[in-house]
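Walk through this chain one region at a time, with the structure open beside the text. Keep one thing in mind throughout: this is a predicted model.

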Amino acid sequence: MKQDMILILDLGSEANPRLAREIRAMGVYTEIHPHDISAEELEALPGVKGIILNGGPNRVVDGVEIDAGPAVYGSGIPLLCIEHSGAPALSEDTREQTLRSFVFDTCRAEANWNMDNFISDQVELIRRQVGTKKVLLALSGGVDSSVVAALLIRAIGKQLTCVHVNHGLLRKGEPEQVVQVFRHEMDANLIYVDAVDRFLNKLSGVSDPERKRKIIGTEFIRVFEEESRKLEGIDFLAQGTIYPDIIESGTKTVKAVKSHHNVGGLPEDLGFQLVEPLKMLFKDEVRACGKALGLPDSMVYRQPFPGPGLGVRCLGAITRDRLEAVRESDAILREEFAKNGLEGKVWQYFTAIPDLKSVGVRDGRRADEWCVIIRAVNTVDAMTATVENVPFDLLQHITARITAEVQGVNRVLFDLTPKPSGTIEWE
Ligand SMILES: Nc1ncnc2c1ncn2[C@@H]1O[C@H](COP(=O)(O)OP(=O)(O)OP(=O)(O)O)[C@@H](O)[C@H]1O
């Protein structure tokens with residue numbers, strides 16, 4: 001990479017990602033590495049202009065205080081030590097000034113970290129890694145895999161084959177958008193697999209949420225493997241791994257938040273070499289990259305969506321008609337939130353339909369129909385969530401639309417429960 005880099009060494013701080021993002025926000029590239037980086041590893045990192053030793057509450061490991069070694073202290077590269085202790089923290093201003101002065105005055109780093117440079121570097125690296133060989137990508141249409149696809153199309157064009165599996169659990173219009181954007185606009189090699197019947201047949205009668213998730217995950221792998229076996233001469237598999245996936249899989253001082261399996265469960269033994277061009281990007285940078293590559297905002301700024309899709313919002317055993325009602329009501333909710341300035345403001349909003357009918361009145365007759373639950377929540381870290389205060393007249397308008405436009409629905413409920421005691425999703 002041609003960019004200057006500030007290296008962050010993890011001396012037991014939980015604030016490494018935050019520090020890394022702060023410096024990237026100043027336009028300077030950062031990477032987080034373990035405290036005991038060797039001289040060879042340090043040497044191999046390009047453009048290191050400064051090193052920050054970021055200490056914190058986990059600094060003592062097995063009774064011993066960890067520290068960087070001679071490779072770092074003897075490197076001649078400017079060092080800054082930060083210790084997050086119990087002492088009163090520096091004010092935000094002082095902290096930012098200290099960081100800025102270290103980065104720009106002491107290290108003389110150039111603010112050359114931006115998406116255009118990132119993209120041109122990655123294009124070069126991908127071409128070097130892949131040569132004239134072929135690459136396979138499972139393309140969900142979600143942010144990460146879409147940005148990987150766009151980057152690879154830029155780098156190697158038709159040497160990339162994308163496989164999109166329509167399992168029937170995607171939101172309204174999403175499979176069509178994948179085809180439109182990647183096949184028609186970006187002229188990519190796209191294999192579109194219509195596996196709707198296959199998934200819904202497997203899920204028929206299954207009401208246990210864990211079993212539903214498992215079936216969706218396993219069936220996805222089967223379909224993907226079947227498709228990849230039909231292709232010949234593929235050496236590489238591209239994946240939308242991003243930096244938080246790697247950070248969260250644990251460092252020497254911070255235990256794993258979750259294991260790093262990135263593909264919603266693609267096995268590790270598919271026998272391909274990996275291409276992971278986004279693995280050093282934070283989520284907002286992935287979005288910026290997608291935007292710079294020309295992907296539509298509706299793809300790049302999409303709200304988080306669970307891996308098993310609408311399957312976990314069609315509560316209990318999935319039926320086609322209730323799944324359709326989830327999809328249609330979700331589309332109305334999203335349309336109304338977008339029209340009324342709530343898109344981009346509310347972190348996550350969706351509808352869920354329990355396997356429950358109640359009596360109502362339709363065309364002057366009693367009719368047993370489902371109820372739609374609206375959920376709209378805000379969160380910083382998904383560990384806790386608060387409910388968005390959606391204007392009452394908007395809720396009434398959405399209720400009127402859903403009960404008029406969505407077949408089989410006679411009631412709309414608004415979920416007032418924060419997390420805890422609720423969770424964000426219903427299953
Ligand atoms: N319907 C699908 N068709 C093709 N690939 C899929 C599909 N669903 C998931 N994948 C693959 O599995 C990966 C992980 O899926 P997951 O649902 O966990 O989303 P994610 O990590 O948020 O990534 P993305 O933003 O790309 O959806 C995706 O990046 C993609 O490679």
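Start with strand β13 (residues 357-362) and strand β14 (residues 365-378), which run antiparallel and are joined by six bridges. Within this pair, Lys357 stands opposite Trp370 in β14. The two strands form a hairpin, with two residues between them. Look at Asp363 in the turn: its phi is positive, about 50 degrees. How many of the six residues of β13 are buried? The number is zero, so β13 lies largely in the open.

Now step back to the whole chain. The domain assignment gives domain 1 (5-106), domain 2 (115-300) and domain 3 (315-414). Between the C-alpha centres of domain 1 and domain 3 there are 46 Å.

Go next to the sheet that contains β1. Four strands make up this open sheet, in the order β2-β1-β3-β6, with parallel pairing. Which strands stand at the edges? They are β2 (29-34) and β6 (79-83); each has a single partner strand, so one side of each is left without a neighbour in the sheet. On average, neighbouring strands here are turned by 25 degrees against each other, direction ignored. Strand β3 (residues 48-55) runs parallel to β6, and five bridges join them. In that pairing, Gly55 stands opposite Glu83 in β6. Helix α1 (residues 16-25) packs on the sheet. The helix touches β1 (5-11), β2 and β3, and its direction makes about 160 degrees with that of β2.

Another open sheet has five strands, ordered β9-β8-β7-β10-β11, and its pairing is parallel too. Its edges are β9 (189-194) and β11 (273-275). Each has a single partner strand, so one side of each lacks a neighbour in the sheet. From one strand to the next, the twist averages 30 degrees. Strand β8 (residues 160-166) pairs with β9 in the parallel sense over six bridges. Find His164 there: Tyr192 in β9 is the residue opposite.

Turn to the interior. In soluble globular proteins, nonpolar side chains tend to be buried together. The largest nonpolar core here has 72 residues. Val135, Leu137, Val147, Ala149, Leu152 and Cys162 touch the most other members. Helix α6 (residues 143-156) gives the most to this core, with ten residues. Cys162 is worth a look of its own. Leaving out residues up to four places away in sequence, Cys162 touches Leu137, Leu139, Ala149, Phe182, Ala188, Asn189, Leu190 and Ile191.

Finish with a helix pair. Two packed helices are described by the angle between their axes and the distance between the axes. Helix α13 (residues 320-339) and helix α14 (residues 392-405) pack at about 150 degrees, with axes 10 Å apart. The crossing of α13 past α14 is right-handed. On the α13 side, the contact is made by Glu328, Ser329, Ile332, Leu333 and Glu336. On the α14 side, it is made by Leu394, His397, Ile398, Arg401, Ile402 and Glu405.

How values were computed. Residues numbered from 1 in each chain as written. Predicted model: local features only at pLDDT ≥ 70, side-chain atom pairs only at ≥ 80, totals over all residues. Pairing = 2+ DSSP bridges. Axes fitted to C-alpha atoms, helices over the stretch in contact; angles between N-to-C directions. Contact = placed C-beta atoms within 7 Å. Core = buried A, V, L, I, M, F, W, Y, C linked by C-beta atoms within 7 Å. Buried ≥ 20, exposed ≤ 12 C-beta atoms within 10 Å, placed from the backbone. Left-handed = near helix turned anticlockwise from the far one by under 90°. Domains from an automatic or database assignment.
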